[in-house]
Structures are given as C-alpha cells and as structure tokens.
Amino acid sequence: MPEQDDSAAAFVEHLFYPGVLAGSLLLGLTLIEAGVAPSVVLASNGLLFALLCFATERRFGAADAWRLDPVEARADVLHALISNPIPSALLRVTLSTSVVAASAWAAKRIGFPLWPTHWPILAQFVLALLAVELVSYAVHRALHGRPLWPLHAVHHCSPRMYFLLSVRKHPLQSLVTYGSRLVFVWLLGIPTDTLTLLLVFTTAHSYVQHANVRMNTRPWSRVFATPELHRLHHSRRESELNANFGDVLIVWDRVFGTRVEPRLDDDLSDAIGLPGLEVSQSYGTHLLLPFRWSRLHRAAAAGGPSGSS
Ligand SMILES: [Zn+2]
Ligand SMILES: [Zn+2]
C-alpha cells in the first residue's frame, strides 16, 4: 500500500534515530537492573541493534550507492571479530590492574572517591558520557593529523555509509582509541553498571550514526553527533572531513568550533571516502593501508591503480 509505505517511511525518517537512542538506554537499564551479566547485556544489545539497522537499511535506504556490499561486509565482520576485541582484551590484561590500583591510591591520598558512585545510575551515565566524549574528541582530532591519519584512514576508506562501517578500525587505531578511553575510565573509577550502560548506548549510537537509512535528525543535531553530521565527517572534501569529530555528542565540537552543519541541498552519496585515494576493500588491504600509505599516494598521483593489492 503506497500510503502505508509513505507513513512507514515518515515514521522511520523522524523516529528511528531517537527511537534507537531511547530504546538502547531503556533496554540497557532494564537488563542491568535485572542483574544480567555485563558481557551478556553488551552482546545481546549489540546484536539486536545491528540486526535492526540491517533490516531498516534494506527497506528505507538513504542512497542506493551505499547499499551493503558483500566484499566490504566480509572485511567489516573480520574487523568486528579481530580489530576491536583483541586490542581491547590486550589492554585489559596489561593495563587494568595497575591503573585501577593507581586510581585507588589517588582516591586514598585525596580522601574521597574520584567518581560520584552514590549518584543515580542515569546521572552517572550523563557525566560519564560528557567526560568520555571529551577524551574521544581529543583523540579523534589527533587521528586526523600526522602521524596517525594513515591508521584512522581505514575507517574512512569506504565509499559507502552503512551500519557495519562503525566497527571498521585498524587494530593499531583500536589500541590508541580504546587505550585512551579505558585508562581514563579506570582512573576515574567509573562503576561497571554505569560503564555497561555507556557502552550499550554508544554501540547502538555508532550503528545508527553510520546507517544507510533516510533520516531527518536535525532536531537532535545541537547535542548529538547525528548521522547527518557524521556523513559530512566521512566526506572526501577536506574541509568537511576535518569537522564533526564527536562520536556520540557534538557539544565538544561546538565548544572548540569544529561543528559543521550539512547544506540541505548537498548530495553526499558520491562524496564519501578518502581524498585522492581509492582502496580495495579487503581486510588484508585495510591492515596494510597505513604501511603502504606513501606508495599508494604516489601511484594515485601518477594515475595508476591506487589500492588494488
Ligand atoms: Zn574521523
Ligand atoms: Zn565514522
């Protein structure tokens, strides 16, 4: 029924983004308060919101050019299985004990805990989101400068915007990104429940932020790094590429003057990717990209195949 299709599309356009945000928060809170183990909460929410974005992309895609490509999807599944969890586990094994001990020592020295553990979980969540987003903002800006850009370029090398792109990171970038966030979180002594809720929310946000779904998220773009703002961040045009660094919030971009609003008439469907470089989309190519950076750029400048091997 065309009318039903129109109303479903309008529903998704306006309510998918806030619905995912509110839904992830509500579901996360419910499962945490029911005493479900953090690993189960994180895995079940991650899977649920990935499936939801996958199904919504198929029916309400924003751009045909961004439709899920099986070759890219295969590489992204390997990023999800290798590039994210292995560096994260490595950091936990090597750093968590000493950083947590340093945090306890500092709290003892100053005579009060570094984190307000007596606050309600939602208030702790808001404080943690603001604090962790400041660290993420600083690290993301650093990743867009030399010498870290070739590592972060892996996240930017797709010509498409789709939900699975959110997991694409070079393992060495994961060490930098997760290392800075985890050390900060462990130092502050943020409790497991608050941290679990934060991870549920940020994971769901990252999927919907990259999703190829037609959305109007303007009402939310004063506070959140919405899909429309983040698409501009994935543009191959350098002025747009170096803006909108926020992962979940856009407030730190506003504070530091890097928030850029997309033009209403700007069609980004052919403008996503790396400036001056096309990269073939296999997991191996992604891993080698930072180490072949200069050679690939020389080949691209000479008009040869840039990233075909
Ligand atoms: Zn970036
Ligand atoms: Zn992104």
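The model is predicted, local features need pLDDT of at least 70, side-chain atom pairs count only at pLDDT 80 or more, and totals for chains, interfaces and linings use all residues. Residues are numbered from 1 along each chain as its sequence is written, with chains lettered from A and ligands numbered from 1 in the order written.

**Exercise 1.** Describe how H2 and H8 pack.

Solution. 
1. The axes, lines fitted to C-alpha atoms over the stretch in contact, are 9 Å apart at an angle of about 15°.
2. Angles under 35 degrees between N-to-C directions count as roughly parallel, and H2 and H8 are therefore roughly parallel to each other.
3. Residues are in contact if their C-beta atoms, placed from the backbone, lie within 7 Å. H2 contributes residues including Phe49, Ala50 and Cys53, and H8 residues including Ala204, Tyr207 and Val208.

**Exercise 2.** Which residues have the most contacts inside the largest nonpolar core, and which element gives the largest share?

Solution. 
1. A nonpolar core joins buried Ala, Val, Leu, Ile, Met, Phe, Trp, Tyr and Cys residues through C-beta atoms within 7 Å; buried means 20 or more other C-beta atoms within 10 Å of the residue's own, placed from the backbone.
2. The largest such core has 42 residues, and Cys53, Tyr162, Leu198, Ala204, Tyr207, Val208 and Ala211 have the most contacts inside it.
3. Helices (H or I, at least four residues) are DSSP runs numbered from the N terminus. H8 gives the largest share of this core, seven residues.
4. Beyond four places in sequence, Leu198 is in contact with Phe125, Ala128, Leu129 and Val132.

Notes: Buried ≥ 20, exposed ≤ 12 C-beta atoms within 10 Å, placed from the backbone. Helix = DSSP H or I, 4+ residues; strand = E, 2+ residues; numbered from the N terminus. Contact = placed C-beta atoms within 7 Å. Axes fitted to C-alpha atoms, helices over the stretch in contact; angles between N-to-C directions. Parallel < 35°, antiparallel > 145°, perpendicular 65-115°, else oblique.
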